[in-house]
Amino acid sequence: MCIRDSCILMLLKLEVLFVRETGKRKRVAFVLQAECVACGCCLKVCPRNAIAVVGGIFAAVDAEKCIGCGKCARECPAAVIAIGEETA
């Protein structure tokens, strides 16, 4: 299994735990940080400024600001951003 698959599985497991606890879900962007190249393309298209490049190494999403519109995921040239559901 590659790193990307492991990250996706981990995110899915976390999502299931959040939903079990609260029953609430919110669409939000997730970055596979191990594969992010920190190009900044996602920063330019985010309407809520919910993404920051941490230490010039990878992008990180502020789940409080993210509205889950998917613009960052469509713009990412490395295809390392996915839209999933998180607790509200």
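Mentor: Helices are DSSP runs of H or I with at least four residues, strands are DSSP runs of E with at least two, and both are numbered from the N terminus. The secondary structure of this chain comes to 3 helices and 4 strands, which follow one another in the pattern α-β-α-β-β-α-β. This is a predicted model, in which local features need pLDDT of at least 70 and side-chain atom pairs count only at pLDDT 80 or more, whereas totals for chains, interfaces and linings use all residues. Residues are numbered from 1 along each chain as its sequence is written, and side-chain values use heavy atoms, with hydrogens and water left out.

Trainee: Why is Ala-59 called buried?

Mentor: A residue is buried under 20% relative accessible area, exposed over 50% and partly exposed in between, with a 1.4 Å probe and protein chains only. Ala-59, in strand S3, has a relative accessibility of 1%, so the residue counts as buried. Across the chain, buried residues make up 28% of the 88 residues.

Trainee: What makes Asn-49 exposed?

Mentor: Its relative accessible area is 56%, so Asn-49 falls in the class over 50%. Asn-49 lies in the loop between H2 and strand S2 (51-54). Its phi is near 50°, a positive value in a residue other than glycine. Ala-38, in the loop between strand S1 (26-31) and helix H2 (41-45), likewise has a positive phi, near 55°.

Trainee: Which residues touch the most other members of the largest nonpolar core?

Mentor: They are Cys-42, Ile-51, Ala-59, Cys-72, Val-80 and Ile-81, in a core of 15 residues. The largest share of this core, 3 residues, comes from S1. The term nonpolar core denotes a set of buried Ala, Val, Leu, Ile, Met, Phe, Trp, Tyr and Cys residues joined through side-chain atoms within 4.5 Å. In soluble globular proteins, nonpolar side chains tend to be buried together.

Trainee: With which residues is Cys-42 in contact, leaving aside its neighbours within four places in sequence?

Mentor: Contact means heavy atoms within 4.5 Å, and under that rule Cys-42 is in contact with Ile-51, Ala-59, Cys-72 and Ile-81. Ala-59 in turn touches Val-31, Gln-33, Cys-36, Cys-42, Ile-51, Ala-52 and Val-53, not counting residues up to four places away in sequence. Among contacts in the chain between residues at least 6 apart in sequence, 63% join residues at least 24 apart.

Trainee: What makes Val-80 buried?

Mentor: Val-80 has a relative accessible area of 2%, which is under 20%, and therefore counts as buried. Val-80 lies in the loop between helix H3 (71-75) and strand S4 (81-86). Its C-alpha is 9.0 Å from that of Ala-34, 46 residues apart in sequence.

Trainee: Why is Gly-40 called buried?

Mentor: Gly-40 has a relative accessible area of 10%, so the same cut-off of under 20% applies. Gly-40 is found in the loop between S1 and H2. The C-alpha atoms of Gly-40 and Ala-59 are separated by 7.6 Å, at 19 residues apart along the chain.

Trainee: How many disulfides does a search of the whole structure find?

Mentor: The search finds 0 disulfides. A disulfide is a pair of cysteine sulfur atoms within 2.5 Å. The sulfur of Cys-41 is 3.6 Å from the closest cysteine sulfur, in Cys-39, and is therefore too far for a bond. Cys-66 is also in no disulfide, with the nearest cysteine sulfur, that of Cys-72, 6.1 Å away.

Trainee: Is Cys-66 buried or exposed?

Mentor: Its relative accessible area is 9%, so Cys-66 is buried. Cys-41, at 22%, lies between the 20% and 50% limits and is therefore partly exposed.
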